[in-house]
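Please have the sequence and the 3D view ready. This report goes through sheets first, then helices.

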Amino acid sequence: MKMQIGGKAVDACSGEFSDIINPATGELIDRVPRGTEDDAAMAVEAASSAFSGWAATSPQRRAGILYRAAGTVRQKKDELAVLLTREQGKPLTEAKNEIEGFANVLEYYCGLASSFHGDFIPVPQNGYAFTIKKPLGVCTAIIPWNMPALIMAWKIGPALVSGNTLVLKPASSTPLTNLTLASVLSDAGLPAGTLNIVTGPGEIVGESLVKNSKVKRISFTGEAGTGKRVAELAASGMKKVTLELGGSDPMLVCDDANLEAAVAGALRGRFYNCGQTCTAVKRLLVFESIAEEFIKKLEARVRNLRVGNGMHENIDMGPLNNRRQWEYIKELIAGIEEKEEGKIVTGGRVPEGSACSRGYFFEPTLVADVPEESRLLKEEVFGPVLPVVRVKDLDEAIEEANNTCYGLGASIWTNSIDRARIGFEQLNAGIIWLNQHLKVAPEVPFGGTGESGIGRENGPDALSEYLDLKTVMIKT
Ligand code: NAD
């Protein structure tokens, strides 16, 4: 596939390409241009030229185009899901959910198209004031490989509905779904240059986009370390920035919780998308009085997960997305018992058998008796490994839950309103769930505290992030 710049499908200035590999089979699926600094600059120019026309288009008309695109995405859901599974690795059912999520988010923002406007503010003894909201100009979105379609929608929905133009840089291992979705938007009538996609290395294309003086806003999703680099570069240009970074979400299971529901929640919360979800359950904190029974029940469910190529029937968990992630998980688990970092209850190896022999597969893994200083609790484990910690009571669970530099999500599982309330008040996280984990919705603000980032996506407030507010004061 080619990049999309100024409404044209183009190769990179360098003439070089990068291979896109199916993580389940190791096969080459396609090649994309290896973009350069010049390509990034051309895309910003294209977005800049398109800006005045798009900003002058009525919000309702902009929404009409995005609605049309969302409709086509729904019609093509199966085809798009196959592409997503082939480049990302997730099971086809999860890929279909994600493609639907893309359409849902776009439609949600289309619904808000008539709603953003300034305010009238009476000013005592002086007169009155009003505010005007205007799009910012050229924005940049940099996205990861774990949910490329959904995260694309989180960024392009509010940016485009509010009248900005955009340059999006996909992750290096998953650009194909993003490029295909961009061509659906173009076919739906999005003017040339309004949405541009530049593929290529983050250090080159990503940094060039962040540094470009014509870019007014950056919305970044990825690792905390990369986010800090992006923030540094953005600060020197005084640019608006949203950072959606990693997490180490705790799941607190109290002794009065519905155990069957909590076991199912932990299973899905950790192993959905092969554990590669920013708000996955990354630390399981269970009251010690129920820990034995809980671990036994969870072990049985984990052992039953069917691992394989996401394109095949009845697969619960696909491979990790890329070699770097696979090597990280293997290295993390190697010798864990010898290092006294926990006891492997089930999993812990690369699966055997021909179905998994050529991909980046790893067994769904449950590790019990994990000590506080273990890497499993300190790092963001982005893969199918779930550490379990036994806690005495709610106070200890909350102390352990907050013992992290991250603050993305957290869940508390209890039937007690008092315990739930204490959890809502004391857990350091941007999103807290009661008796569920992972659920997100376009209507609900999403984002983290601490090293999990700055700003929020989703919900009506995300639109404000893409608008400049001007105040006018009138003396009477
Ligand atoms: P990553 O930081 O390696 O890459 C993210 C994107 O940044 C990619 O497009 C990459 O090419 C680009 N990039 C890399 N170096 C760059 C640089 N110097 N300047 C500009 N761009 C650069 O992250 P990843 O491995 O692709 O994704 C996994 C991470 O994303 C995890 O930490 C996960 O928790 C996080 N994530 C967060 C959220 C959220 O909403 N909070 C959602 C999904 C994923």
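What follows is a short report on strand pairing and helix packing.

## Basis

The model is predicted: local features need pLDDT of at least 70, side-chain atom pairs count only at pLDDT 80 or more, and totals for chains, interfaces and linings use all residues. Residues are numbered from 1 along each chain as its sequence is written, and side-chain values use heavy atoms, with hydrogens and water left out.

Helices (H or I, at least four residues) and strands (E, at least two) are DSSP runs, numbered from the N terminus. Two strands pair if DSSP finds at least two bridges between them.

## The seven-stranded sheet

Seven strands make an open sheet with mixed pairing, in the order β14-β15-β16-β13-β12-β17-β18. Its edge strands are β14 (343-346) and β18 (431-434), and each pairs on one side only. Neighbouring strands are turned by 25° against each other on average, direction ignored. Axes are lines fitted to C-alpha atoms, for helices over the stretch in contact, and angles run from 0 to 180 degrees between N-to-C directions.

β14 and β15 run antiparallel, joined by three bridges. Here Lys343 stands opposite Ala368 in β15. Two helices pack on this sheet. Helix α9 (residues 259-271) touches β12 (250-253), β13, β15, β16 and β17 (409-413), and its direction makes about 140° with that of β16. Helix α13 (residues 394-401) touches β12, β13, β16 and β17, at about 170° to the direction of β13. Contact means heavy atoms within 4.5 Å.

## Strand β16

Strand β16 (residues 385-391) has six of its seven residues buried. Buried means under 20% relative accessible area, exposed over 50%, partly exposed in between (1.4 Å probe, protein chains only).

β16 pairs in the parallel sense with β13 (residues 283-287) over four bridges. Leu284 has Val388 as its bridge partner in β16. With β15 (residues 365-368), β16 also pairs in the parallel sense, over three bridges. Leu366 stands opposite Leu386 there.

## The three-stranded sheet

Another open sheet has the order β5-β6-β20, with antiparallel pairing. β5 (120-123) and β20 (467-475) are its edge strands, each pairing on one side only. β6 (residues 127-135) is joined to β20 by nine bridges. Phe130 stands opposite Val472 in β20.

## Helix α4 and its partners

The axes of α3 (residues 77-88) and α4 (residues 92-111) come within 8 Å and cross at roughly 120°. That makes α3 oblique to α4. Angles under 35 degrees count as roughly parallel, over 145 as roughly antiparallel, 65 to 115 as roughly perpendicular and the rest as oblique. The crossing of α3 and α4 is right-handed. A crossing is left-handed if the near helix is turned anticlockwise from the far one by less than a right angle, and right-handed if clockwise.

The axes of α2 (residues 59-75) and α4 come within 9 Å and cross at roughly 160°. α2 and α4 are therefore roughly antiparallel. Their crossing is left-handed. Residues of α2 in this contact include Leu66 and Tyr67, and those of α4 include Phe102 and Leu106. By class, the contact has ten nonpolar, two polar and three charged residues. Ala, Val, Leu, Ile, Met, Phe, Trp, Tyr, Cys and Pro count as nonpolar, Asp, Glu, Lys and Arg as charged, and the others, Gly among them, as polar.

## Thr85

Thr85 lies in α3. Thr85 is buried, with a relative accessible area of 1%. Beyond its neighbours within four places in sequence, Thr85 is in contact with Lys90, Pro91, Leu92, Ala95, Gly310 and Met311.
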